[in-house]
Amino acid sequence: MRKKLIPVLSVLILIFIILVCLIVGKKVKQYMPSKEVQDLNKYFAVETEQEAAIEVNHTLVEQKAFQKDGEIYLDYQYVHDEFNHRFYWDANENIMLYTTSENVIKIPAQGKDYYIGKKKTSMDYDIVLVDANKTYLALDFVAAYTDLEYKTYGEPSRVLIQTKWGTVTNVQVKKKTQLRVKGGIKSNILKELKKGDQLIKLEALENWTKVSTEDGLIGYVQNKRLGLETEQTENHEFKQEIFPHLVKDFEINMAWHQITVPDANYSITSALQNTKGINVISPTWFYLNDNDGGIGSFASTDYVKYCHENNIEVWGLVSNLVNQEVNTEEVLTHTSKRENFENQIMAAAIQYGLDGINIDLEELKGTVGEGFIQFIRELSLKCDKNGMVLSVDNYVSSEYTQFYDRKEQAAFADYLIVMAYDEHYAGSDEGSTASIGFVTKAADDILAEGVPAEQVVLGMPFYTRIWAETPKEASGEDTESASDDYVPYELTSEAVGMNEAMNRMQVNGADKKWLEESGQYYTEYVFNNVTYKIWLEDVKSLEEKLKVMDSHGFAGASFWKLGLEDSAVWDTIIKYIK
C-alpha cells in the first residue's frame, strides 16, 4: 500500500512544482519590461515615401505633409487655418496671393516664379502644387512670411514645426533607459536612451514623465531614470508686419448722403444747411455694375468742390445694392475681376478728388468671405498709395457674420463702421431700430473681435420704423385661428425720419413714455382699426448712443441718413464729437 502511494505523491509534487513555476513565471513576466520596439512608420502613421508626419509644438497632428524633390509641402487650407490666414488661394484662376503691408505677392501654380508687385522673382523649387483635390504650399515659402521655424528628419520622414516661443525645461537622462510610447513598462520602446541624453520635458506624471527627443519622438520615461533639469529660453527672430493707417487727427462726425440719381447731388447745399460739426460726408455714388468688376457712378465734381470749400471730406460709398443682377461673389472670388473692380474704384476716386472710400458690400454669403477680405487687403494698399482713407461698413457682430473677419479688416482698412441699427427691420418682428442694449453689445463685440477702438466709428440711425398691426378678417373657429402660433394681424412697417415719426404721434394724440431698457421713447395709437407702434429715435435716444461711443473711446460716429434727422440733434452731437 505504501509503495503504491509513492508514485501518486511524486505526481502531485511534480504538479505542484509546475504550478508554482507557472505562477512565479507569470509574476516575473508581469513585472518584466517589454522589449518590443515600436514600428516608427506606424507611430508616425506614414504610409508612403511621399508622406511626412507633422509635429507642431511637440504635438503629433493628423495632417500629413507632402514631399517632392526634397521640398516639404503643406496643404494650403491647413496653412491658412493653422499658421497664416493671409495666404489666399484663387481656385478659379489658379493663383496664390499673399498681401503684405506694401505689396500683393502673386504666385502662379506649378511654377518657381512669383511676383512682388510687378517685380518677378524665382525660387529653385515649385512654390504651389495643385492636384485634382488639393493645393499645396512649399513650407519654405510659408516660413518666409510666417512666425514659425521647422526642421526635417528622415526614416520615417517628419517635419517639426514650432510657432510658440518661451521657456522650456530640458531634462537629462541619468541612467540608461528606454523612451516608451506610453507610460508603462509594457509599452513599446521608441528609442534606447543613454546616460547624458537631453530631452524636452513636456508633462510630469506620478511615475513617468512625458518628453520629446530633439528629432521629434514623443514618449514617456520613468522618473527615476531622469536627473538634472535646466530651463532654456527659446527665441525666434521674425519681423512682424506693421500696417500703416491713415487715421485722422480729429473725431469723425460723418453722415451718409443717399444719392440715387445724378440730379440728387444738387441737394447737398440744403442737406448741410442745418447741420453742425460734420467733417466727413459719404455720398452713395458708386456701385458694382457688372460681373467683370465694372462700376456705375452718380458722382459729381461740383459736389466734392462744395464740400471741400466747407471743410468737409468726401468718402465716396461703394455698394453692391443698386444693380441686383450682378453676382458679387463672382467678382470677389476671381482675381482679375476683383482687381478690375478695385482699379475702377480708384480711377473714380482720383477723377473726383475724393478723400476716401467707404465700402458697403452687404448680404454676402459665407462662401465669399475670403474673397471679400482679400478685396479689402488689396484696395487698402491702393488707397494708401493715393493718400485716401479706406473705411468699411460692417454689420453688428454675430454668429452669421464671422466670415467678415473684422480683425483682419482692421489690419488693412483705416476705419471700420459698425452699423448699430436694423435691430428690427422690414420683415422681422416688431421692435426698436436700435435699442441701447443692442448698440452697447455691438460696441462691446467689435472690440472683443480685436478691432482697436481708435479705428471704430459707431453707426447710428436718424430713422425709425412705424409698425402697423392690421387685423385679419375674422376666420371663426377654423384650424388656423385656433392654433397656438396664430397671429390675428398682418404686420408691416415703414422707415421714416425723426420729425415724421413725432408728427404721426402728435397728429393721433398719442403719448410717449421713456423705456429705460430701450434707451428711447415708445408710443402707440390706433387709426382706422390699425394699431401703430413706434420706438422713437430722437435727440434723447441719440444722446444715449453717443454716450456709448464716448465711453468706448471710438473714433467717432456716422449717421444714416442725412435729411432724416431733427435739426436739434446736431447741438447734441457736437457735445460728444469735438
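Predicted model: local features only at pLDDT ≥ 70, side-chain atom pairs only at ≥ 80, totals over all residues.
Local features here need pLDDT of at least 70 and side-chain atom pairs count only at pLDDT 80 or more, while totals for chains, interfaces and linings use all residues. Residues are numbered from 1 along each chain as its sequence is written, and side-chain values use heavy atoms, leaving out hydrogens and water.

Let's start with the helices. Helices (H or I, at least four residues) and strands (E, at least two) are DSSP runs, numbered from the N terminus. The axes of helix H11 (residues 436–448) and helix H14 (residues 539–551) come within 10 Å and cross at roughly 20°; axes are lines fitted to C-alpha atoms, for helices over the stretch in contact, with angles from 0 to 180 degrees between N-to-C directions. H11 and H14 are therefore roughly parallel to each other (angles under 35 degrees count as such). In H11, Ile436, Val439, Thr440 and Ala443 meet Glu544, Lys545 and Val548 in H14, where contact means heavy atoms within 4.5 Å. The residues of this contact divide into four nonpolar, one polar and two charged (Ala, Val, Leu, Ile, Met, Phe, Trp, Tyr, Cys and Pro count as nonpolar, Asp, Glu, Lys and Arg as charged, and the others, Gly among them, as polar).

On to the aromatic rings: the structure holds 26 aromatic pairs (rings of Phe, Tyr and Trp, the last by its six-membered ring, with centres within 6.5 Å; planes under 30 degrees apart count as stacked, over 60 as edge-to-face and the rest as tilted). The rings of Tyr421 and Tyr463 have centres 6.1 Å apart and planes at 80°, so this pair is edge-to-face. Tyr421 lies in the loop between strand S27 (415–419) and H11 and Tyr463 in strand S29 (residues 463–471), so the pair ties together parts that are 42 residues apart in sequence. Tyr421 is buried, at 9% relative accessible area, and Tyr463 is buried at 5% (buried means under 20%, exposed over 50%, partly exposed in between, with a 1.4 Å probe and protein chains only). Elsewhere, Phe87, Tyr98, Tyr114, Phe141 and Tyr145 form one aromatic cluster.

The loop that holds Tyr421 also holds Asp422.

| Residue | Phi | Relative accessible area |
|---|---|---|
| Gln110 | about 60° | 46%, partly exposed |
| Asp422 | near 60° | 35%, partly exposed |

Finally, two cis peptide bonds deserve a look. The bond from Glu155 to Pro156 is cis, with omega near -5°, and another cis bond joins Trp560 and Lys561, with omega about -10°.

Key:
Parallel < 35°, antiparallel > 145°, perpendicular 65-115°, else oblique.
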